[in-house]
Amino acid sequence: MTKKTKIIAVANQKGGVGKTTTVVNLAAALSRQHRTVLVVDLDPQANATCSLGLEKQGGVSMLSCLMGEMEIADVIQPTPYDNLNVIPSEIDLMAAELELARREDRVGAVKAIMDPIRESQVFDYIIYDCPPSFGFLMTSALAAADSILVPMQAEFLALEGLGNITGRVVQPLKDAGLVGADFGIGGVLFTMVDNRTLLAKQVTEEVRKHFGDVVYETQIPRNVRVSEAPSYGQPVIFFDPSSRGAEAYRAFAKEFLRRNPTRFEDPVPASVAPAAPAENPSAEPPVAQ
Ligand SMILES: Nc1ncnc2c1ncn2[C@@H]1O[C@H](COP(=O)(O)OP(=O)(O)OP(=O)(O)O)[C@@H](O)[C@H]1O
Ligand SMILES: [Mg+2]
């Protein structure tokens with residue numbers, strides 16, 4: 001069976017919709033399912049880096065690769081979790097916007113750096129965490145990806161936001177021949193859902209009507225344990241595995257795997273429950289396949 005790396009950009013120009021939370025918990029849940037995962041933190045806020053338990057480190061980010069100061073393989077860092085690695089971020093990554101702006105190869109620069117990693121097929125999944133703006137970092141992550149996963153809250157103007165991603169980023173990338181014709185929004189995930197509100201129901205139904213199967217069945221509920229986990233430097237699925245947020249992200253990861261299979265071509269059998277995370281995952285890492 002051929003192993004082929006799948007690359008997903010988690011993006012939404014709107015801030016605070018759950019992009020980073022989705023990246024770290026999807027990555028963590030996939031790693032527990034024995035998939036090898038690389039998170040690429042392309043947000044100078046470095047929230048994904050910190051949420052995966054890493055300290056920000058000056059000079060260790062995609063910026064160093066863009067400036068030709070470091071090899072990509074040297075920037076990839078292990079996390080405290082098996083199968084889960086990260087290209088970290090730090091505040092200096094902000095300079096990458098300017099660096100990219102002055103370069104002719106601005107949109108394809110990250111893809112060019114990452115191509116050897118994809119070709120090495122070391123990872124089953126590469127997941128980009130994008131900053132909340134239509135800048136060059138977000139655009140270059142999209143240009144490097146196979147598809148986009150859009151986390152969003154069930155709010156008014158949800159469809160307009162999705163339309164902006166397609167109109168302002170995806171279409172120009174296609175017009176420029178920088179992505180394939182079938183590139184686009186591959187998934188929409190509702191986050192911080194409060195199903196008790198009529199608005200949430202109306203919005204999710206409306207988006208589903210327009211985007212159909214692209215919208216994930218799984219929804220992530222608003223859950224306080226999810227918001228507490230980052231300050232402990234842990235994805236919620238390790239921080240509090242029995243919380244509603246952790247359960248929802250595990251269910252989402254299974255749905256994601258069914259929709260984005262790699263070397264494990266068969267759908268994940270229902271019987272393959274995620275291994276029970278240890279209290280301190282770094283002390284007792286999950287058993288690799
Ligand atoms: N399901 C949830 N329940 C409760 N709080 C959540 C949930 N998902 C995310 N949060 C919290 O909401 C805030 C925003 O989430 P997150 O950082 O993932 O969004 P983001 O889209 O990455 O933000 P930014 O655009 O700034 O990068 C964080 O404090 C996070 O802990
Ligand atoms: Mg974020």
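Student: Which helix gives the largest share of the shell around ligand 1?

Tutor: H1 does, with 3 residues. Helices here are DSSP runs of H or I with at least four residues, strands are runs of E with at least two, and both are numbered from the N terminus. This is a predicted model, where local features need pLDDT of at least 70, side-chain atom pairs count only at pLDDT 80 or more, and totals for chains, interfaces and linings use all residues. Residues are numbered from 1 along each chain as its sequence is written, while chains are lettered from A and ligands numbered from 1 in the order in which they are written.

Student: Which residues come nearest to ligand 1?

Tutor: Gly15, Lys19, Thr20, Thr21 and Pro132, out of 20 residues around ligand 1. A residue is near if its C-beta atom, placed from the backbone, lies within 6 Å of the molecule or strand in question.

Student: And how does the shell divide into nonpolar, polar and charged?

Tutor: There are 6 nonpolar, 11 polar and 3 charged residues in the shell around ligand 1. Ala, Val, Leu, Ile, Met, Phe, Trp, Tyr, Cys and Pro count as nonpolar, Asp, Glu, Lys and Arg as charged, and the others, Gly among them, as polar.

Student: New topic. What is the strand order in the sheet?

Tutor: The order is S3-S4-S2-S5-S1-S6-S7, in an open sheet of 7 strands with mixed pairing. Strand S3 (77-78) and strand S7 (185-190) are at the edges with a single partner strand each, so one side of each has no neighbour in the sheet. Two strands pair if DSSP finds at least two bridges between them.

Student: What are the pairings of S2?

Tutor: S2 (residues 37-41) runs parallel to S5 (residues 125-129), with 5 bridges, and Val40 is opposite Tyr128 in S5. S2 is also parallel to S4, over 4 bridges, with Val37 opposite Leu84 in S4.

Student: Do S3 and S4 pair in the parallel or the antiparallel sense?

Tutor: Antiparallel, over 2 bridges. Pro78 is opposite Asn85 in S4. The hairpin of S3 and S4 has 5 residues between the strands, and Asn83 takes a positive phi near 70° there.

Student: Which residues of S4 are buried?

Tutor: Leu84 and Val86 are buried on one side of S4 (residues 84-87), and Asn85 and Ile87 on the other. Buried means that 20 or more other C-beta atoms lie within 10 Å of the residue's own; 12 or fewer is exposed, in between is partly exposed, and C-beta atoms are placed from the backbone.

Student: How many residues of H7 are buried?

Tutor: 8 of the 8 residues of helix H7 (residues 136-143) are buried, so H7 is largely enclosed by the rest of the structure. What covers them includes strand S1 (6-10), helix H5 (95-101) and strand S6 (147-152).

Student: What does Ala141 touch?

Tutor: Not counting residues up to four places away in sequence, Ala141 touches Ala9, Ala11, Leu42, Val110, Tyr128 and Cys130. A contact means C-beta atoms, placed from the backbone, within 7 Å.

Student: Is Ile72 buried or partly exposed?

Tutor: Ile72 is partly exposed, because 16 other C-beta atoms lie within 10 Å. Ile72 belongs to helix H4 (residues 72-75). Beyond its neighbours within four places in sequence, its contacts are Cys65, Ile113, Met114, Pro116 and Ile117.

Technical notes:
Two residues are in contact if their C-beta atoms, placed from the backbone, lie within 7 Å.
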